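Hi there,

Here is the structure I promised to pass on to you. Please have a look at it first, and then read my notes below.

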Number of protein chains: 4
Amino acid sequence: MSDWNTIRFCQFGAGRIGHIHAETVFRHPEAELAGIVDVVPDAAEALALRFGTRALRAEDVLEDPSIDAVIIASATHTHADLTERAARAGKAVFCEKPIDLDMARVDACLTVVAEQGATLFVGFNRRFDPSFAALKERVANGDIGRVEIVSITSRDPGLPPVQYLETSGGLFRDMMIHDLDMARWLLGEEPVEVFAFAQALVDPVVDQAGDVDTAAAVLKTASGRLAQINNSRRAAYGYDQRVEVFGSLGSARAENRTATSVEISTEQATRRDNPLPFFLERYQDTYRLELDRFIDVLRGRSSTYPNGQDGRMALRLADALLESHQTGAPVVV
Amino acid sequence: MSDWNTIRFCQFGAGRIGHIHAETVFRHPEAELAGIVDVVPDAAEALALRFGTRALRAEDVLEDPSIDAVIIASATHTHADLTERAARAGKAVFCEKPIDLDMARVDACLTVVAEQGATLFVGFNRRFDPSFAALKERVANGDIGRVEIVSITSRDPGLPPVQYLETSGGLFRDMMIHDLDMARWLLGEEPVEVFAFAQALVDPVVDQAGDVDTAAAVLKTASGRLAQINNSRRAAYGYDQRVEVFGSLGSARAENRTATSVEISTEQATRRDNPLPFFLERYQDTYRLELDRFIDVLRGRSSTYPNGQDGRMALRLADALLESHQTGAPVVV
Amino acid sequence: MSDWNTIRFCQFGAGRIGHIHAETVFRHPEAELAGIVDVVPDAAEALALRFGTRALRAEDVLEDPSIDAVIIASATHTHADLTERAARAGKAVFCEKPIDLDMARVDACLTVVAEQGATLFVGFNRRFDPSFAALKERVANGDIGRVEIVSITSRDPGLPPVQYLETSGGLFRDMMIHDLDMARWLLGEEPVEVFAFAQALVDPVVDQAGDVDTAAAVLKTASGRLAQINNSRRAAYGYDQRVEVFGSLGSARAENRTATSVEISTEQATRRDNPLPFFLERYQDTYRLELDRFIDVLRGRSSTYPNGQDGRMALRLADALLESHQTGAPVVV
Amino acid sequence: MSDWNTIRFCQFGAGRIGHIHAETVFRHPEAELAGIVDVVPDAAEALALRFGTRALRAEDVLEDPSIDAVIIASATHTHADLTERAARAGKAVFCEKPIDLDMARVDACLTVVAEQGATLFVGFNRRFDPSFAALKERVANGDIGRVEIVSITSRDPGLPPVQYLETSGGLFRDMMIHDLDMARWLLGEEPVEVFAFAQALVDPVVDQAGDVDTAAAVLKTASGRLAQINNSRRAAYGYDQRVEVFGSLGSARAENRTATSVEISTEQATRRDNPLPFFLERYQDTYRLELDRFIDVLRGRSSTYPNGQDGRMALRLADALLESHQTGAPVVV
């Protein structure tokens with residue numbers, strides 16, 4: 001890919017996250033949005049129109065040698081297939097997490113990616129949150145010494161629709177997977193054993209859907225570093241996204257972010273803002289920052305990014321925790 | 001102005017603040033950037049090129065009936081003249097503060113604006129800072145009862161170049177004018193008497209330039225409400241921009257904003273981020289939000305905005321404080 | 001016990017925690033310190049002298065009908081025996097935790113206490129920390145709805161001497177037992193299953209002593225409420241003692257306390273105080289407040305206090321977590 | 001005064017602040033409370049009884065060579081007279097502020113104190129607040145470079161009874177005097193010119209009593225350092241006591257203190273504690289810490305303390321600000 005040309009992107013998927021990625025590519029000075037593909041042609045048309053590009057068919061994109069990279073933001077069950085096809089067509093791939101909900105399918109996909117020598121960037125956008133990224137940098141810098149415990153609080157503001165839950169893969173693979181990626185990234189070592197307690201406490205409908213909505217997980221690495229994660233599908237006060245790392249020389253924490261810094265003190269109490277409401281607000285900057293990184297990788301300016309192995313390992317941990325929940329025993333990874 | 005058409009803007013000025021406004025107009029879905037004017041034709045060309053528009057001469061803009069509105073972001077001494085010409089040409093005017101450094105000139109300009117029935121929006125962008133705007137809304141809502149004291153801390157990160165100081169109009173008219181607008185806006189009443197102590201403490205060069213770099217001002221309204229402002233041209237830890245309002249039922253404060261929420265605790269101390277470094281970072285969102293408001297005003301969707309009288313009164317207070325500093329006595333406004 | 005008389009206390013134990021209790025009793029307006037017993041007569045003498053009382057032998061205390069209550073602050077292995085003897089002698093008992101490190105011994109002791117109808121107050125002083133007590137009150141009040149997750153961070157500033165570790169009963173029974181009491185108290189339900197990962201990460205000497213210094217535990221109640229606890233014997237930045245409770249309507253957290261509210265902002269960062277250094281500073285008020293409660297219980301003004309069953313259950317959970325750590329499996333309580 | 005003996009104190013005044021000082025002396029290991037004097041003999045008796053001492057007449061105290069020091073906590077108009085008599089009797093004097101409300105009377109008193117070579121410690125207890133003391137230490141240490149601006153927010157929770165106002169000397173001499181001492185102490189230079197705006201905004205009854213309840217003052221030192229103080233007799237949210245110092249290398253602030261560290265987040269907002277309610281809670285530790293210092297001074301272990309000149313200068317500034325308020329002009333000190 002030449003250094004002086006704009007990188008030409010096409011995107012699969014014109015849903016909510018697709019809108020975000022399309023706009024991000026559209027606004028990026030080094031990127032060009034060359035087309036949108038969606039199983040619903042009208043959705044592709046509408047999104048293409050909005051950002052001055054065209055609706056295309058998948059084969060048009062894959063056969064067009066002028067397309068450098070694809071963004072896969074379509075339904076989860078299409079990710080692995082599109083990733084393989086794009087890799088075979090010589091495109092660089094940005095794939096929304098998860099690669100697939102089935103580990104065997106992920107492995108097969110990563111084999112193709114490896115055979116093709118393709119770049120596969122997995123959309124673990126939280127790594128690009130400015131607070132988490134700064135925390136990681138300080139930890140990597142040794143500011144808190146050797147890492148001993150990683151603690152993650154991650155709570156969604158409210159229960160998604162039941163239909164969503166039914167195809168989501170469940171709390172561990174749909175929601176905690178983000179936290180598992182964060183835990184791996186911050187531990188600096190692979191977890192080798194995991195355990196979880198989980199329950200449907202928010203709404204019985206979750207239990208009926210065969211899922212849980214509340215969980216507490218613990219992870220252990222080979223050298224004995226520990227991580228703990230607590231998840232809930234509901235936080236009445238907003239999107240609760242916090243990380244702490246404890247090390248031999250200190251600790252680092254990233255608190256929630258708020259829309260304003262206003263505090264009101266009256267006779268009753270001093271009140272301040274709740275956390276930002278949900279991921280679109282809290283992680284707004286990450287979509288741009290992860291695209292910057294993807295482009296840096298394509299330009300050879302960086303080689304650090306959440307790749308296929310990261311996607312695979314987060315799913316592996318999610319599967320292990322689900323198994324732990326189902327069997328009631330710790331699971332060796 | 002029709003509701004269904006894009007509003008066509010031209011802009012005077014292609015400097016630093018001009019770049020921000022041009023990009024903001026360029027990105028706004030209801031606005032079109034139709035041309036850039038600058039005394040340095042190359043600067044106008046470069047900025048026009050960047051945002052897909054043309055460099056124009058002032059007369060082209062003013063004589064073109066398809067131009068709905070102008071943004072005046074040129075040198076201060078051109079503001080009043082351009083405002084008058086644009087008003088006479090039937091354009092709506094967004095003028096960067098100050099309208100002029102000379103009160104008589106401001107008055108003459110406002111007379112023309114009034115005669116023409118023109119919309120004049122003055123760029124007191126801090127009113128659109130999300131934290132300050134939320135604070136104002138709570139205060140206006142009565143959450144803290146009757147306002148009694150407004151307290152403003154406003155400190156720049158470092159001394160500007162001496163050349164800047166020499167044409168700036170001095171600390172009161174260049175820097176404190178923002179805080180004076182905030183004070184008026186939050187007091188909900190006009191100050192009628194003011195007093196200031198001021199000094200060059202940061203650098204003797206400031207004194208040689210006939211200016212001060214450190215000031216503490218007090219203001220009083222007719223009913224006895226008070227305001228206090230402290231200013232410095234230097235804050236080693238970043239751009240310090242805080243507001244507090246004390247009322248009969250409580251208080252409201254807006255603290256500084258930081259880039260991240262990270263805290264690091266080691267044996268020595270717990271450290272967190274300093275405030276954002278300067279106005280481009282702290283007030284980044286305000287340029288978009290004030291343009292939104294200007295467009296809302298042009299569309300008839302809002303009638304609340306910093307107008308010519310606001311620009312005039314802030315300058316009036318700045319002049320009075322400068323006089324107080326020079327004479328050593330309080331000044332009745 | 002008559003309402004108008006001072007309550008007469010004797011105390012067993014003249015060590016560090018003994019000094020605190022003796023002074024607290026000495027200063028309490030409704031209490032009288034009538035004597036000190038210690039296996040080292042000089043220690044008893046010195047402490048008695050300091051607070052204007054006498055050194056006594058255990059039998060003197062237990063046979064003296066004018067003594068209303070005893071404080072047991074002697075070595076752990078003497079607690080159960082002294083509790084039984086005091087209960088049989090008709091004294092009310094305040095016993096430092098744990099009652100004993102052996103569950104069978106605890107059970108035997110509690111049987112004697114029950115047969116005698118004695119009051120047994122166990123020194124879980126953290127329940128009396130003003131922040132934790134206020135948090136509990138809000139939670140009990142329903143401010144955050146139904147409790148779903150309790151999360152406790154509890155880290156000592158540094159490793160105790162190895163000799164201490166060797167007789168301490170180990171991290172779970174010596175350190176986490178406090179957090180287990182907090183978890184039970186805040187969950188509002190008994191944990192029925194527990195799991196822990198633990199390791200010696202701070203110092204290999206801990207491993208050599210057959211103990212761990214770092215742990216992450218998860219607990220589950222019958223209805224599926226969850227708790228997570230992380231412990232470390234070292235926090236370079238001070239004594240880290242925090243509690244969070246997540247409920248259906250919100251969350252409640254109690255942060256660390258600091259010696260001062262000072263923040264210093266310089267070019268590098270904004271720095272504030274670390275947490276108070278250790279339990280004597282952080283929990284300073286709790287010794288007085290728990291004595292107040294003990295006296296309220298003896299006066300019939302309160303019936304809520306950490307009792308023998310609380311002491312027993314915290315040990316039961318600590319034993320279960322130790323077993324989980326040793327077997328690598330979850331343990332049903 | 002011998003190093004090995006207890007220092008024998010007598011106290012004048014058995015009112016509210018008298019209770020605090022008497023208890024503090026009673027509990028101090030190096031002090032003995034040898035007697036209480038009050039114009040109301042029953043009040044002296046009651047307080048003496050409570051702390052195991054005797055009610056005495058003033059002459060008994062002054063003529064008793066075994067008395068080393070006196071605490072003057074009686075009505076303000078008696079301070080100067082008792083200070084002089086105690087100084088002449090060779091006693092060290094701890095005098096509650098103010099020495100007197102009349103400057104000439106203060107000067108006469110200080111002349112006597114100087115002639116006698118007596119130690120006169122004035123009870124500016126805020127200097128001993130752990131947060132303010134730590135802030136002062138950091139500033140004195142050079143952590144924030146050269147001091148440029150001191151900013152003090154000082155608000156009482158509510159209006160005192162009108163009778164109190166009438167004999168208080170008014171807001172400047174009764175309330176702001178504490179802040180003026182803080183300003184002098186933190187500026188590190190004497191203010192040479194001052195100005196104030198003030199008003200009765202809280203209650204018209206204050207105006208009828210010839211006083212104000214709301215004020216904003218500015219001070220300037222010879223080298224141009226500035227201070228600003230805002231006062232109100234009412235803060236619905238508690239006792240608001242904050243200090244900030246801005247220097248060439250940074251800033252230092254001391255925030256309010258709260259009873260607990262609890263935060264509750266619900267759908268509406270995140271709420272935390274208000275500041276501690278009033279001076280007895282906020283400045284609880286200062287009475288012990290200032291007595292420690294007084295005793296250190298008497299023992300020759302320290303020579304730094306708020307002395308007669310400090311008492312005089314704070315009153316001088318209060319008088320000047322009252323004059324500024326009354327004349328509407330700045331006042332040179």
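At roughly what angle do the axes of helix α9 and helix α13 of chain B cross? Please keep in mind throughout that this is a predicted model. The answer is roughly 115°, and the two axes come within 9 Å. Here α9 covers residues 176–187 and α13 covers residues 308–327 of chain B. As for its hand, the crossing of α9(B) and α13(B) is right-handed.

From α9(B), the residues in contact are M176(B), I177(B), L180(B), D181(B) and R184(B). Their partners in α13(B) are D310(B), M313(B), A314(B), L315(B), L317(B), A318(B) and L321(B). Sorted by class, this contact has nine nonpolar and three charged residues, with no polar ones.

Next, the pairing of chains A and C. A rotation of 180° with 0.0 Å of shift along its axis places chain A on chain C, with an RMSD of 0.0 Å. The two copies are therefore related as by a two-fold rotation axis. Within chain A, A329(A) has the C-alpha nearest that axis, at 3.1 Å from it.

The interface itself fits into the same story. Chain A contributes 45 residues to the contact, and chain C contributes 45 residues. Of the interface residues of chain A, 100% are also interface residues in chain C, so the copies meet through the same surface.

How much area is buried between chain A and chain C? The value is about 3500 Å², and carbon and sulfur atoms give 55% of it. On the chain A side, F197(A), L201(A) and Q228(A) lose the most area to chain C, and together they make up 18% of what that side buries.

Six salt bridges are counted between chain A and chain C. One salt bridge is formed by E244(A) with R242(C), whose closest N and O atoms are 2.9 Å apart.

Finally, a backbone detail in chains C and D. In chain C, a cis peptide bond joins K97(C) and P98(C), with omega at about -10°. P98(C) sits in the loop between β4 (92–95) and α5 (103–116) of that chain. In chain D, the peptide bond from K97(D) to P98(D) is cis too, and its omega is near -5°. The place of P98(D) is the loop between β4 (92–95) and α5 (103–116) of chain D.

Key:
Residues numbered from 1 in each chain as written. Chains lettered and ligands numbered in written order. Predicted model: local features only at pLDDT ≥ 70, side-chain atom pairs only at ≥ 80, totals over all residues. Heavy atoms only, no water. Helix = DSSP H or I, 4+ residues; strand = E, 2+ residues; numbered from the N terminus. Least-squares fit on C-alpha atoms with pLDDT ≥ 70 in both. Contact = heavy atoms within 4.5 Å. Axes fitted to C-alpha atoms, helices over the stretch in contact; angles between N-to-C directions. Left-handed = near helix turned anticlockwise from the far one by under 90°. Nonpolar A, V, L, I, M, F, W, Y, C, P; charged D, E, K, R; others polar. Buried area = accessible area lost by both parts, 1.4 Å probe. Salt bridge = Lys/Arg side-chain N within 4 Å of Asp/Glu carboxyl O.
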